[in-house]
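Hi everyone, thanks for making time this morning.

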Amino acid sequence: MGNFVDFAEVKERCSIVDAVALLGLKTTEERNQLRAPCPACGNGGPRAIVITPSKGLFHCFPSKAGGDQIALVSHVKGVSQKDAAALMLGQSTPGTVQDGKVPSTSTVPPHDHFPPLDYLEFDHVTVESLGIEAKTAEALGIGYAAKGMMKGYVAVPIRLPTGELTGYIGITEGKVPKEFHLSRVVTFPKKTA
């Protein structure tokens, strides 16, 4: 059936810290652990998930789920571990995994752990307020995220010198032009006594 990569190879290529970046989890560091809210469960607060990088394990307190980096991606994305492994290798199409193995002949480089966010809005007013024209934003992959883990941020891709996508950073300090401020759009009549 061709060359395949087993789960052990997937875990070797994508550490649990890489999985955290892939998922866009907003973590805080406590001692030798990372804590994050669980987007899958939606409850438990900012410390719902505990990730221990030295052990390569996570635990979600609300759901009592736990395991390695593949299990983390599976839990947060709500997909099978097979599909989680495919996602970790940059294969965005679920169902390309068979018998727990991921084909290594992907069109995405095997170490490109982060798939591009295909829902970014390049011509959003927040992107334009940063001084980036829509055409330039599209060429660079910079856009406003109206959904997903980066919701409400202008997502800027982070790439290695080779061009491989490794994640995104979010910009929240974009200043919306005055003509788009709510106070300028909505006016209320003055009270008359």
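Where is Lys-64 found? Lys-64 sits in the loop between β5 (57-60) and β6 (65-67). Strand and helix names here follow DSSP runs, numbered from the N terminus, with helices being H or I of at least four residues and strands being E of at least two.

Before going on, a word on the source: this is a predicted model, so local features need pLDDT of at least 70 and side-chain atom pairs count only at pLDDT 80 or more, while totals for chains, interfaces and linings use all residues. Residues are numbered from 1 along each chain as its sequence is written, and side-chain values use heavy atoms, with hydrogens and water left out.

Lys-64 has a positive phi of about 60° although it is not a glycine. As a reminder, most residues other than glycine have a negative phi. With 67% relative accessibility, Lys-64 counts as exposed; on our scale exposed means over 50% relative accessible area, buried means under 20%, and partly exposed is in between (1.4 Å probe, protein chains only).

Arg-31 is another non-glycine residue with a positive phi, near 55°. You'll find Arg-31 in the loop between β2 (28-30) and β3 (33-36), and Arg-31 is exposed, at 78% relative accessible area.

Now to salt bridges, meaning a side-chain nitrogen of Lys or Arg within 4 Å of a carboxyl oxygen of Asp or Glu. How many does a search of the whole structure find? The search finds two. In one of them, Glu-30 pairs with Arg-47, and the closest N and O atoms are 2.8 Å apart. Glu-30 is in strand β2 and Arg-47 in the loop between β3 and β4 (49-52), so this pair ties together parts that are 17 residues apart in sequence. Both ends are partly exposed: Glu-30 at 24% relative accessibility, and Arg-47 at 41%.

Lys-11 forms a salt bridge with Asp-68, where the closest N and O atoms are 3.1 Å apart. That pair links distant parts of the chain, with Lys-11 in helix α1 (residues 7-13) and Asp-68 in the loop between β6 and α3 (69-77), 57 residues apart. Lys-11 is partly exposed, at 34% relative accessibility.

Next, have a look at helix α4 (residues 81-88). Is this helix mostly covered or mostly open? Mostly covered: six of its eight residues are buried. The buried ones are Asp-83, Ala-84, Ala-85, Ala-86, Leu-87 and Met-88.

On to the sheet. Three strands form an open, antiparallel sheet in the order β8-β9-β10, where pairing requires at least two DSSP bridges between two strands. β8 (143-144) and β10 (165-171) are the edge strands, each pairing on one side only. In the hairpin of β9 and β10, with five residues between the strands, Gly-163 takes a positive phi near 95°.
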